[in-house]
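This briefing is meant for a reader who is meeting the structure for the first time. Please keep the sequence and the 3D view at hand while reading.

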Amino acid sequence: MATPTARSGADILLDVLESEGVEYVFGNPGTTELPLVDALINRPRLHYVLGLQEATVVAMADGYAQASGRPGFVNLHTAGGLGHGLANLLNAYTSGTPLVVTAGQQDSRHAITDPLLQGDSVSIARPACKWAAEVTSPDQLPILVHRAFQDCQATPRAPVFLSLPMNVLEATSTVRVPCTSHVDRRPVAGSLPALAVELTAVQPGKVAIIAGDEISFHDAYKEVVRLAELLAAPVFGSSWPAHIPFPTSHALWQGNLPTRADDIAQTLQGFDCVFALGGKSFITILYTEASALPEGCELYQLSVDGRYLGRTFPSKLSVVGDIELSLHELNALIESRIAPHEAAYAAARDAARRTYAARKQTLDRHARSLEGAAGIHPLVAARLLAQCIGETPIVDEAIATASHLRKFLRNSSTRQYSFLRGGALGWGMPAAVGFSLGLGRQPVVSMVGDGAALYSPQALWTAANEDLPVTFIVINNREYNVRKTFMRSQPHSLSAQAGRFIGMDITEPPIDFGALATAMGLPAKRLTRADEIADTVTEAIASCRPNLLEIVVDVE
């Protein structure tokens with residue numbers, strides 16, 4: 001075999017990216033990244049997506065990876081740029097998004113002199129990544145970069161980080177790029193016969209299924225739907241979801257669990273057992289003394305990631321395995337066991353259909369009763385938006401309307417809705433850009449609150465630069481409403497007693513989102529009446545061009 005010609009570290013890196021099937025390099029370049037950017041000139045298969053700030057860059061890659069099911073590749077500028085991107089790197093870590101994150105580093109030959117931009121990037125990245133390392137030779141690039149792509153996809157999925165000194169990218173080597181590894185990481189769980197016995201020992205409708213985000217990894221929803229229908233089991237989404245991995249039009253869908261432990265327990269009261277699919281489902285925000293799992297309610301779990309099984313709540317039986325493949329076998333076992341009792345299960349399914357229809361009718365009536373108000377109630381906005389968005393993918397970071405919007409979604413898609421799983425604001429708008437790229441430049445709706453929109457508005461420019469069909473909808477209540485609501489719920493709150501909330505209003509001066517969009521190259525409209533929403537949003541999505549709509553809503 002002939003020896004490869006000598007080529008730069010940057011070219012070797014790009015060889016590996018091409019071998020891994022990378023489409024996009026999400027980046028914000030500085031001096032230390034110039035060797036890589038220069039090498040991209042001769043790489044038409046690799047498209048550089050420019051973000052104007054590193055937090056935006058990381059979230060764009062996150063959205064792309066979630067939408068495409070493939071790792072996102074990120075290139076940041078030194079330790080400072082990595083610091084800018086850290087919040088969204090933490091979001092990706094919490095969400096389990098596979099990312100290969102790189103950052104340029106000063107030329108290591110003069111690191112001893114403490115040059116400008118030199119920093120310990122590996123230590124900065126390590127808490128937000130599965131592992132972090134610095135490349136010290138171009139000969140190391142093929143193995144380390146291939147390893148990064150493998151490891152970010154291995155359970156538990158998470159970003160990995162590589163620091164790339166400038167001299168490593170400039171130095172030459174004849175090292176070969178090995179073939180890409182193909183690893184089957186989808187085991188079938190053990191103890192499925194025992195689990196089938198446990199779940200069928202419960203009366204029809206008395207098993208509550210929690211559909212976790214892991215279901216989305218391999219579109220396991222078909223087996224989850226089959227399981228729910230066999231057991232006539234109501235299905236809840238996790239309390240703080242990354243996705244809704246169950247059809248919202250299905251009669252067994254109950255919506256997402258609340259975010260307080262006592263409220264979760266109240267919701268699950270009356271069930272004999274809970275079957276949690278996929279990792280961490282009882283995610284709480286505010287402390288309460290109650291346990292999220294009601295007393296006397298047994299817990300069963302299935303996840304490919306064993307870290308959270310039986311860890312917080314005692315589990316009668318938890319099994320480690322791929323959800324789709326394991327449920328395929330479990331469902332066959334359950335089907336044979338319930339056959340003699342099919343009439344009872346059928347009756348429970350019929351009751352669930354009637355309850356679902358009544359719940360939706362009640363919700364619609366309540367929303368319509370609020371439409372005559374002078375302003376726009378958030379519930380009204382959510383109902384109208386759900387209707388006109390249809391099945392267009394939604395990336396949601398609008399906390400004021402998120403819980404309302406999820407209640408009004410009513411379709412068979414399990415890939416439509418994505419939410420801020422990590423909790424650090426500034427993810428939504430750039431993630432929507434990445435989602436559109438990951439879906440082959442399809443239309444996407446970005447729902448974002450007015451406060452969250454100010455964390456990563458640079459995403460608007462990238463949407464315009466790439467001419468992506470993203471409709472950004474800013475839900476503007478002119479305040480940090482979630483914080484005010486919490487303060488008002490506390491009887492000892494001095495702010496609530498005084499009616500004055502420090503650092504929670506965005507009114508003096510008000511933010512001109514239309515001007516902000518125009519500055520970034522997007523057309524914009526401001527809506528202040530409910531009757532403007534349906535036609536305007538429908539037209540904006542149908543335009544297949546980047547645009548921004550501001551909807552001014554009242555405060556609940």
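Leaving aside its neighbours within four places in sequence, which residues is Phe 275 in contact with? In this model, which is predicted, Phe 275 is in contact with Leu 195, Leu 199, Val 207, Ala 208, Ile 209, Ile 210, Leu 227, Tyr 300, Gln 301, Leu 302, Leu 327 and Leu 330 once those neighbours are left out.

**Nonpolar cores**

- The largest nonpolar core comprises 74 residues, and the members that touch the most other members are Leu 199, Phe 275, Leu 277, Leu 385 and Met 447.
- Helix α13, which spans residues 378-389, gives the most to this core, contributing nine residues.
- Another core lies apart from it and has 50 residues, among them Leu 89, Val 433, Val 444 and Ala 459.

**Asn 75 in strand β4**

- Asn 75 is found in strand β4, which covers residues 72-76, and Asn 75 counts as buried because its relative accessibility is 2%, under the 20% cut-off.
- The side chains of Asn 75 and Thr 102 are joined by a polar contact of 2.9 Å.
- When residues up to four places away in sequence are not counted, Asn 75 touches Val 25, Phe 26, Gly 27, Asn 28, Glu 33, Leu 36, Thr 102, Ala 103 and Leu 164.

**Tyr 345 in helix α12**

- Tyr 345 has its place in helix α12, made up of residues 342-369, and Tyr 345 is buried because its relative accessible area is 3%, which is again under 20%.
- Not counting residues up to four places away in sequence, Tyr 345 touches Thr 200, Val 202, Pro 204, Leu 230, Leu 231, Ala 232 and Ile 338.
- Between Tyr 345 and Asn 91 there are 41 Å in space, taken from C-alpha to C-alpha, and the two are 254 residues apart in sequence.

**Cavity**

- The residues that line the largest cavity are Ile 244, Thr 248, Leu 409, Asn 411, Ser 413, Thr 414, Gln 416 and Tyr 417.
- Sorted by class, the lining of the largest cavity consists of three nonpolar and five polar residues, with no charged residues.

Definitions and conventions. Residues numbered from 1 in each chain as written. Predicted model: local features only at pLDDT ≥ 70, side-chain atom pairs only at ≥ 80, totals over all residues. Heavy atoms only, no water. Core = buried A, V, L, I, M, F, W, Y, C linked by side-chain atoms within 4.5 Å. Buried < 20%, exposed > 50% of the residue type's maximum accessible area, 1.4 Å probe, protein only. Helix = DSSP H or I, 4+ residues; strand = E, 2+ residues; numbered from the N terminus. Contact = heavy atoms within 4.5 Å. Polar contact = N/O pair within 3.5 Å; in protein donor to acceptor, adjacent residues only side chain to side chain. 1 Å grid on protein atoms, 1.4 Å probe; cavity = no way out; pocket = protein on both sides within 12 Å on 5 of 7 lines; lining within 4 Å. Nonpolar A, V, L, I, M, F, W, Y, C, P; charged D, E, K, R; others polar.
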